[in-house]
Amino acid sequence: MFKDRVFIEGLSIITTIGVYEWEKSIKQKLILDIEMAWDNRIAGLSDDVNDCLNYAQISQAIIDYLQHHQFNLIESVAENVAALLIDHYFTPWVRVKVSKPTAVASARNVAIMIERQKENINY
Ligand SMILES: Nc1nc2c(c(=O)[nH]1)N=C([C@H](O)[C@@H](O)CO)CN2
């Protein structure tokens, strides 16, 4: 099985997110942890940034996307980010964890996680 990965861990984004009415007029912090399948051999041999899955470019794209879209559920955030990574950055498999650390006062964190893959590819 193909094992190479690119990670983005602890990506912090301030955005409008939440189910309740009072949440729709404020901004809250989300933390994203992302794991993307990618063949790192080409970039590892060429040492050329154009050959890699560029975590800096992708981080900025996710920040821009979430600052311009509003969701109720963190599940929807994860689903849309996974689709962005598969459809626009061509990663064949992703794991996306979305944390909303300030959502439950008595919990250190709450989060959901999904794994998605490009259709017809098994990872
Ligand atoms: N599984 C989820 N449960 C809840 C969510 C969510 O996005 N996913 N959201 C809320 C509210 O927005 C909450 O964060 C307000 O504190 C409740 N449960």
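1. The expected span of a helix is 1.5 Å times one less than its number of residues. The model discussed here is a predicted one.

2. Three residues of α2 are buried: Ile58, Ile62 and Leu66. These residues lie on the same side of α2, because they cover an arc of only 60 degrees around the axis. An α-helix has 3.6 residues a turn, so residues three or four places apart point the same way. The face of α2 that is turned away from the buried side carries Ala56, Gln57, Gln60 and Asp64, which are exposed.

3. Helix α3 passes the same kind of check: at 1.5 Å a residue its 15 residues should span 21 Å, and its end C-alpha atoms are 21 Å apart, which agrees. Buried in α3 are Ile74, Val77, Ala78, Val81, Ala82 and Leu85. They cover an arc of only 125 degrees around the axis, and so they fall on the same side of α3. On the other side of α3, the exposed residues are Asp87 and His88. The cover over the buried residues of α3 includes β2, α2, β3 and β4 (111-117).

4. Most residues other than glycine have a negative phi. Asp47, although not a glycine, has a positive phi of about 60 degrees. Asp47 belongs to the loop between α1 (41-46) and α2, and it is exposed, because 8 other C-beta atoms lie within 10 Å, where 12 or fewer is the limit for an exposed residue.

5. The second case is Phe90, which takes a positive phi of about 60 degrees just after α3. Phe90 sits in the loop between α3 and β3 (93-99). Is Phe90 buried or exposed? Phe90 counts as exposed, because it has 11 C-beta neighbours inside 10 Å.

6. The shell around the ligand consists of Gly18, Val19, Tyr20, Glu23, Leu73, Ile74, Glu75, Lys100, Ala103 and Ile112. By class, this shell has six nonpolar, one polar and three charged residues. One of the residues around the ligand, Ile74, is also among the buried residues of α3.

7. For the protein chain as a whole, there are three helices and four strands, and from the N terminus on the order of elements is β-β-α-α-α-β-β. The C-alpha trace spans about 50 × 25 × 25 Å along its principal axes. Of the 123 residues of the protein chain, 20% count as buried. Among contacts with a separation of 6 or more, 60% are accounted for by residues 24 or more positions apart.

8. Finally, the annotation. An unreviewed UniProt entry gives "domain: Dihydroneopterin aldolase/epimerase" for residues 6-116. In the model, the end C-alpha atoms of residues 6-116 lie 15 Å apart, and this span is 31% helix and 30% strand.

Notes. Residues are numbered from 1 along each chain as its sequence is written. This is a predicted model: local features need pLDDT of at least 70, side-chain atom pairs count only at pLDDT 80 or more; totals for chains, interfaces and linings use all residues. A residue is near a molecule or strand if its C-beta atom, placed from the backbone, lies within 6 Å of it. Ala, Val, Leu, Ile, Met, Phe, Trp, Tyr, Cys and Pro count as nonpolar, Asp, Glu, Lys and Arg as charged, and the others, Gly among them, as polar. Helices (H or I, at least four residues) and strands (E, at least two) are DSSP runs, numbered from the N terminus. The arc is that of the directions from the helix axis to the C-beta atoms. UniProt positions are given in the numbering used here, feature names are shortened, and annotations may be inferred rather than shown by experiment. Two residues are in contact if their C-beta atoms, placed from the backbone, lie within 7 Å.
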